[in-house]
Amino acid sequence: MKQGLSFAYVARNLAARKLTTILTASGMALVVFVFAAVLMTSAGLQKTLGGTGSYNNVMIIRKGSQTEVQSTVTREQANLISTLPGLASNPAGNVIISPEVLVLVNLPRKQGDGLANIVVRGTTPNGILMRPQIHIQSGQQFRAGSSEIMIGSGLAHGKLGLQIGDTITFGLREWRIVGVFDAGGSGFDSEVWGDNEQMMQAFRRDSYSSVVVSLRDRSSYDTFAEAVRQQPRLNIDIRRESLFYADQSEKMTNFITILGTTITIVFSLGATIGAMITMYSSVANRTREIGTLRALGFQRGNIVWAFLQEAMLLGGIAGVIGLIAAAFMQLVEISTTNIQTFSEVVFKLILTPEIAAQVLCFSLFMGVLGGVLPAVRASRLEIVDALRSN
Amino acid sequence: MKKARYVLRLASRNMWRNRLRSLLTIAGIAVAIISFGLLRTVVDSWYAGAELAASGRLITRNAASLAFPLPLSYGERIRRVQGVDQVTWANWFGGIYIDEKHFFPQFAVDADSYFKVYPEYVLDDQQLLAFKKDRRGVVVGSKTATKYGWKLGDQVPLRGTIYPGVWSFTIRGIYHGRDDKVDTSQFLMHWDYVNENVKAILPSLADKVGIFVVNIKNPSNAALESQAIDSVFRNSLAETRTETQKSFQLGFISMVDTILLAIQTVAYVVILIIMAVMANTMAMAARERTREYATLRALGFNQAFVYSLIVGESVSMAVVGGGLGVLLTFPLAKGFFSVTRDMFVVFDVTPTTITLQIMASLLIGLMAALAPTINSTKIKIVDGLRAVT
């Protein structure tokens, strides 16, 4: 028969044995959930750090230093950088440049013990203007030349729970929190911002950590890069700001992905075995039925396809359940240390369409893998023997 | 007693009636128990590194954070604190060998005092002497030396990240651990040599120390000693935070405790997954035997006998799978450790893990029997005899 068995036949077979279907699907759904959660964690971290900074800004650090914390840029270097071509300037004709100082400060975590390494960024009014994603959520911006600071919204709730009016002590000074800013879920949300000169005084440093400049337009990066190359004395590394921060998520996302994928593959073994058990019994229970179908004229291929469809449907149901459960994980906010920069980062799990597709395919694949052997066995049954079995 | 053995024999016979299904289920349980054991061991091993720390050893660092150094002069002042035995210091060098993937910890240390404070790093006297004589010399742990095939006299170039430039070092010594629980991955260079070079290029980093390592005479005084040291530097430009080596290392671990918590949670999820699979197997087996159980009841066996048949079959299957899993955990843990040597100092399956594994497999067996036993209660003997499966 050219026309195979109808999908309704396939679906009803699953519905006929509810307990078995539910148990198998929930086992598989748990695996799907774990897999989705892993991918969502990586994606969330990537989005948070990748969304930090703008494509049109350039991050400048000392050659080879890799992170802002390890870098030092002197005032002379900063002055020299401001004279290079390709940079944007404000209406007053000054180059838009923000020399910044970045330090890590230990703050106690509210829940549990241990200390968090919080990034404290000494910046300038330019530095705030250059990051358009920064909006003051409550309170106000810090005043230049004062001991006022503002905190990212990620620090305002969760593990650290800082509030406006609180004071933090570091560098032998008390700093008062006057505002909370929202940086659109980016890495800046986990930072403390204050005045750069004040920070440098407090920490007794005479050099900046990094210099951030704004490009005149998207294409002037090359002009700027060429100018830097002409000045080997500068001894600096440059990178578009957004790419600079995206790079910092690399180690952590790799770690999570490798660990998570290994765990998922091992777990999926268990769930696939579950699907296989279910499908084998589905075949065994219907031996006579299969014989009848064959006697009616359905081909071996029709039978294989019907059972594969059944297995895929099982996988599909599991995938959808697992995915729905995983979608709730988007409410979870994780605060942990980025092992690459040693600083605290707050991020949310996100479910992207790609992850949903990937996870569903994975779930279907588990179903197919569990269903293929039983389906082949079903198709191999001799019509006469199958009809005679009880 | 005799009856129990009879039930068990019947139950295990039942188990082998559908051989393929039972084998698949047992394999599934074994996989789950193994992964549960390995995941727990991963988490344990992270903490195990800190547990191994010497009790009479304190670490002093800048109170603001590890990113801030301390002045070298603090060393002398710490030494004068009462109860302090020995002091040495180290700076994180953080150089890159070939590329970022080839990571091993590098410290600039004080050649004269470092090996006295760390007696567990065993170094040949001659090699120590050769190291002290060569300003550009380094001492490498045996693990890292073996990994890269380094021998005495080899040159190792490192690209500095904190300390700019390309640095070239000569291997003058290879240290071994006093036992196999000592970290033998470190790469130790002269603090003096790094410091002199830094003076010329980055004066702000000169004469600065990352951490002071302090051995105290009486380990039980650790808390008081820590306070005594910190009080020396209170209200100074660089206040200190002194803690035992153990809590210092736990501080690093607590940075990633979210990840560790996730791994631990996931370890229990695998038990849930296999519970569903096993419950499915038992549900099928019981459904197939609905008529049989009804016959037994009709013959005069009571309901409890049927229960014990179902539970007996389920538990024995879980125990076989679990036992297999526990046995396989050991060779697999060994294999896993040899692949991830860089990440862990020790990787031992603890007795707690084994106990939990056994308890988990028993739980799987009991839970899996739950639905079929409830079902068998609901069915009347007549309906059971009539049932079509």
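The C-alpha centres of domain 1 of chain A and domain 2 of chain A lie 46 Å apart. These domains span 7-50 + 250-388 for domain 1 and 64-234 for domain 2, with bounds taken from an automatic or database domain assignment. The model is a predicted one, where local features need pLDDT of at least 70 and side-chain atom pairs count only at pLDDT 80 or more, while totals for chains, interfaces and linings use all residues. Residues are numbered from 1 along each chain as its sequence is written, and chains are lettered from A and ligands numbered from 1 in the order in which they are written.

Where the two domains touch, domain 1 of chain A puts in twelve residues and domain 2 of chain A 15 residues; a contact here means C-beta atoms, placed from the backbone, within 7 Å. On the domain 1 side, α2, β11 and β12 (343-348) of chain A give two or more residues each, and β12(A) gives the most, with five residues. Helices (H or I, at least four residues) and strands (E, at least two) are DSSP runs, numbered from the N terminus. That side of domain 1 holds four nonpolar, five polar and three charged residues, with Ala, Val, Leu, Ile, Met, Phe, Trp, Tyr, Cys and Pro taken as nonpolar, Asp, Glu, Lys and Arg as charged, and the others, Gly among them, as polar.

The contact between the chains draws 50 residues from chain A and 41 residues from chain B. On the chain A side, α2 (18-50), β2 (97-108), β3 (115-123), α9 (250-285) and β11 (333-338) each supply at least two residues. The largest share, 13 residues, comes from α9(A). By class, this side of chain A has 23 nonpolar, 21 polar and six charged residues.

Back inside chain A, α2(A) also meets helix α11 (residues 300-327). Their axes are 7 Å apart and the angle is about 50°, so α2(A) is oblique to α11(A) (angles under 35 degrees count as roughly parallel, over 145 as roughly antiparallel, 65 to 115 as roughly perpendicular and the rest as oblique). Axes are lines fitted to C-alpha atoms, for helices over the stretch in contact, with angles from 0 to 180 degrees between N-to-C directions. Among the residues that meet are Phe33(A) and Met40(A) in α2(A) and Leu314(A) and Ile317(A) in α11(A). The residues of this contact divide into 16 nonpolar, five polar and no charged.

Over in chain B, Thr88(B) sits in strand β3 (residues 84-92). With 22 other C-beta atoms within 10 Å, Thr88(B) is buried (20 or more is buried, 12 or fewer exposed, in between partly exposed).
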